[in-house]
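Please read it alongside the sequence and the model.

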Amino acid sequence: MLLDEVKNLGATEANAVPGGIAFAGDWTTCYRVNYWSRIASRVLWRIAAFDYRNEHELYAAAKAIDWPRYFAVERTLRVNVTAQKSPLKSLEFATLRIKDAVCDRFRERVGRRPDVDRTSPDVRVHAFFEGAHATLYLDTSGEPLFKRGWRHGAADAPLRENLAAGIVMLTGWKPSEPLLDPMCGGATLLVEAAALARGRAPGARRSFAFEKLSAFEASTWESVRSEEKKDEKQPKLELYGSDTDPKALNAARRNLAEAGVERWVSLERADILERSAPAPGGVMIANPPYGERMGSAEELAAFYPKLGDALKKKFAGWRCYFFTADLRLAKLIRLEPSRRTPLWNGALECRLYEFSIVAGSHRQRA
Ligand SMILES: C[S@@+](CC[C@H](N)C(=O)[O-])C[C@H]1O[C@@H](n2cnc3c(N)ncnc32)[C@H](O)[C@@H]1O
């Protein structure tokens with residue numbers, strides 16, 4: 001899906017690679033992907049690739065890069081290193097050596113060095129080591145792209161915004177269909193669905209690290225920003241959210257308002273096991289509680305069969321999706337999934353289960 005997304009945004013030579021998509025493009029493309037991608041976490045600009053055998057060679061190769069060309073000495077800096085099978089003993093020391101190389105290069109050129117800021121740096125350098133091969137990138141995003149700038153309410157265990165958007169896309173939901181999240185928490189899925197349906201740019205209320213780089217083209221950025229066309233006139237959107245927890249509903253209300261999509265979403269306090277369907281047919285997407293903090297394994301094991309019964313009784317005509325790390329769900333709910341999509345939530349293996357509920361739905365055979 002990310003490959004399609006970046007191609008649609010103008011990327012060329014786009015290929016899926018482990019952990020992401022590699023692509024080529026001009027600044028317009030880079031700004032567009034940052035501004036419009038609903039799925040990506042970051043957009044990194046590759047500036048160097050080389051082989052190294054030890055810390056000295058790493059330092060020398062990093063110092064050979066013309067850093068003052070990329071950003072001004074006043075910018076604060078952070079270096080991140082990620083490695084697979086690197087011959088180096090300490091990645092911390094490698095991080096330090098790359099930082100030294102950048103600072104030494106600046107000192108030689110302009111007599112001063114940039115300050116390090118670990119929490120909110122202007123410029124992030126990412127180094128990836130694969131064995132003895134290193135690739136260095138400048139981060140054009142800054143804060144990860146799932147931080148859209150609308151999340152304020154404190155609800156438990158929210159999904160990352162880019163994961164939520166990806167889940168909505170995977171269900172194939174169309175804005176003309178009613179959409180219900182009956183365990184909505186802070187309403188991440190509903191915000192992302194509304195933004196998708198209404199053509200809202202996910203990056204419209206945040207800034208990006210590319211604005212801090214010397215290559216920044218303000219007029220190009222202006223024209224990318226002006227591409228957002230709010231599509232408010234389409235047929236009415238029918239989005240519904242409910243949750244048993246009043247705190248979650250308050251957070252949901254705040255988030256929907258911050259994102260400017262509250263007018264399309266009806267919220268109510270209700271238990272998924274008791275509520276009725278808000279329309280004769282539609283798409284349900286839910287992310288049930290999972291893990292110690294959100295309910296014990298036994299509680300959930302008792303809950304899923306009841307959930308299966310409630311779906312059969314009240315949601316005939318609905319396509320229901322459950323995103324969970326609890327791989328027992330498919331068995332315990334006693335309905336046959338019509339699709340199961342493996343997904344990763346960080347390091348946690350998850351599934352998106354699809355159940356098409358028809359009247360008198362087929363129970364799983366014993
Ligand atoms: C993992 S959280 C959902 C997070 C949400 N997807 C988000 O991104 O903010 C699970 C939610 O299910 C709600 N919940 C638990 N049991 C419920 C029930 N029986 N009916 C409705 N909601 C329930 C909890 O209050 C919690 O807000």
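## The sheet

In what order do the four strands of the open sheet lie? The order is β3-β6-β5-β4, and the pairing is mixed; strands are DSSP runs (E, at least two residues) numbered from the N terminus, as helices are (H or I, at least four), and two strands pair if DSSP finds at least two bridges between them. Because β3 (44-51) and β4 (77-84) stand at the edges with a single partner strand each, one side of each has no neighbour in the sheet. From one strand to the next, the twist averages 20 degrees.

β3 and β6 (residues 133-139) run antiparallel and are joined by seven bridges, with phenylalanine 50 opposite alanine 134 in β6.

## Basis of the model

This is a predicted model, in which local features need pLDDT of at least 70 and side-chain atom pairs count only at pLDDT 80 or more, whereas totals for chains, interfaces and linings use all residues. Residues are numbered from 1 along each chain as its sequence is written, and side-chain values use heavy atoms, with hydrogens and water left out.

## The ligand site

The ligand is surrounded by 22 residues (a heavy atom within 4 Å), the closest being Leu159, Gly186, Thr188, Asp243 and Ile272.

Polar contacts are pairs of N or O atoms within 3.5 Å. A polar side-chain atom of threonine 188 lies 2.7 Å from a ligand oxygen atom, and a polar side-chain atom of aspartate 271 lies 3.0 Å from a ligand nitrogen atom.

Notes: A polar contact is a pair of N or O atoms within 3.5 Å; within protein, one must be able to donate a hydrogen and the other to accept it, and residues adjacent in sequence count only if both atoms are side-chain atoms. Axes are lines fitted to C-alpha atoms, for helices over the stretch in contact, and angles run from 0 to 180 degrees between N-to-C directions.
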